[in-house]
Amino acid sequence: MYLSLAVVPETWYNRYMKKKKLTFLAFVIIAIALLLEVGILKFVNDNNTYQMSKVLLDRVVTVLNKNNENENGLIESLKDDYIIRAKAASYIIDAKPTAEHDVEELQKIANLISVDEIHLIDKNGYIYSGSMPKYYGYNFDSGEQMSYFKPMLTDKDLTMCQDVTPNTAEKKEMMYAITWNEAGTRMIQIGIAPKRLLEELKQNEISNVVSDMPLYKGIEIFVADAKTKIIKGATDRIWIGKTLDASGIATDKINNSKTVSFHTKVNGKLFQCFLCHDDTYMIAIAVDNSFYLKNSIFAILIVGIYLVFASCCMVYMLSRVLKEKYEKEKLLYTSNTDELTKCFNRHAYETAIHGLDLHKEWIYISMDINGLKCVNDSLGHAAGDELICAAADCMKECFQNYGNVYRIGGDEFVIIMTEKTEELQKIIKDFEQKSALWHGELVDSISVSYGYVFSSEKAWNGIYDIAKAADERMYKSKSCYYRESGLDRRR
């Protein structure tokens, strides 16, 4: 850990110009962002309208074709229908992002597409949202019923529908269908109770099939006879018995393609219409142009307010950022630096040793200044401080490129050497030479005892065992110093 303190002086004029440029830049960014948002929303809304209408067309065709199937084929037909309902739920949720975590809205969607449950499942197979909060947290590993859908995790093009099976949570008989959303960010699963199979058998009249289709306000469905163009079923029953052209849907738009898209007016409102046909039916999906308008205006308003607020905050915050940066660096420096020697302090030492790895090689060096008490008693504490600073300077000069120097007590220092440990003897020799050549104004010479331990010497029980071993070796060195110098160690 290395600390640095850098303060860049800045004039009032420079700050003013920066604020002015930032203000102009903020307005440009706001304008560009809002234009981009309008464009993106239009593209997304148009795409969602097309996709949702396509799904609804597919669903209507599927439901109508189902009426011509025999009972033996009903289950397989329903599976396809349920997958389409899962897709419909997916597109509706994509079209209304706020519904993703809104239980009430998801319950409404479940009612709209005539299913009992909707579950939103993440990429890892966990249920994170849905119309039934009690199922949140279940995943594809929660049980046999859930594990059936595991292939969905590896194939985002896959859709699946399960036979009637007891569900994992309550062993309740259910049918589940699942699909990935268009963006591939989540899976949408719908659940339907078997009792609905009987209800599906009764829904064999086109008028009932269409009028009972629950949709959001602003979406209309029309089913007409392909030859007479008379409407046989519609979400609004007032159109039944009238022709498509009378309702405002011009059948002359039909060409050789299976589906055509055009704008038209129904009851005086502008709709985007999707019309498809076959030998039996003409099916039209009409989406009110204002279907997404409210959400789009709201989204633009929210983003605009946010961008204005964010820009004001940015201009204000940037004027403070250098000052805050200075204060933070100063605080960090102060909290980790010994005031006298400018080495790292005890706080930094405790933090550092807890981050050391016993499986890597490093060296713990314990150092202690010889004769400091004698200097303090005979020459004064100013001389003692000079001696401490001199020792610290020699240590930093020799070891700072290989590790950190910490002052952990009055004359006690620790060096944690993590780089080029093989050069320890050369570095110590350099340290001894520098110490020997030093002469101060109040003190003539300096002597330092030390002991070091390699982390790789043996299998240690912990960092503090290494520190204790280094201290013991340092004290042996100190004993030798006092014995050879003939000085009283107590002084």
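**Reading the model together**

Analyst: Let's start with a pair of charges: D377 and K373 meet through their side chains in a salt bridge, 2.9 Å from N to O. A salt bridge here is a side-chain nitrogen of Lys or Arg within 4 Å of a carboxyl oxygen of Asp or Glu. This is a predicted model, in which local features need pLDDT of at least 70 and side-chain atom pairs count only at pLDDT 80 or more, while totals for chains, interfaces and linings use all residues. Residues are numbered from 1 along each chain as its sequence is written, and side-chain values use heavy atoms, with hydrogens and water left out.

User: Where do D377 and K373 sit relative to each other in the helix?

Analyst: In general, side chains of opposite charge can pair when their charged atoms come close. Here, D377 and K373 are separated by about one helical turn, because they are four residues apart in helix α10 (residues 372-379). Helices (H or I, at least four residues) and strands (E, at least two) are DSSP runs, numbered from the N terminus.

User: Is D377 buried or exposed?

Analyst: Buried means under 20% relative accessible area, exposed over 50%, and partly exposed in between (1.4 Å probe, protein chains only). D377 has 54% relative accessibility, so it counts as exposed. K373, with 47%, is partly exposed.

User: How many residues apart are E350 and R346?

Analyst: They are four residues apart in helix α9, about one turn of the helix. E350 is partly exposed at 23%, as is R346 at 40%.

User: Now for sheets. What is the order of the strands in the four-stranded open sheet?

Analyst: Two strands pair if DSSP finds at least two bridges between them. The order is β13-β14-β12-β15, with antiparallel pairing. β13 (403-407) and β15 (448-454) each have a single partner strand, so one side of each is left without a neighbour in the sheet. From one strand to the next, the twist averages 15°. Strand β12 (residues 363-369) is joined to β15 by seven bridges, and I363 stands opposite F454 in β15.

User: Which helix lies across β12, β14 and β15?

Analyst: That is helix α12 (residues 424-437), running at about 170° to β15. Angles run from 0 to 180 degrees between N-to-C directions, and axes are lines fitted to C-alpha atoms, for helices over the stretch in contact. Contact means heavy atoms within 4.5 Å.

User: Which residues form a nonpolar patch on the surface?

Analyst: Patches are made of residues with over 30% relative accessible area and no salt bridge; like charges are joined within 9 Å and nonpolar side chains (Val, Leu, Ile, Met, Phe, Trp, Tyr) within 5 Å. Here F24, V28, I32, L36 and I40 form one, with about 490 Å² of accessible area together. Those areas come from the Shrake-Rupley method with a 1.4 Å probe; for residues, only the protein chains shown count as cover. F24 lies in helix α1 (residues 12-66) and is exposed at 61%.
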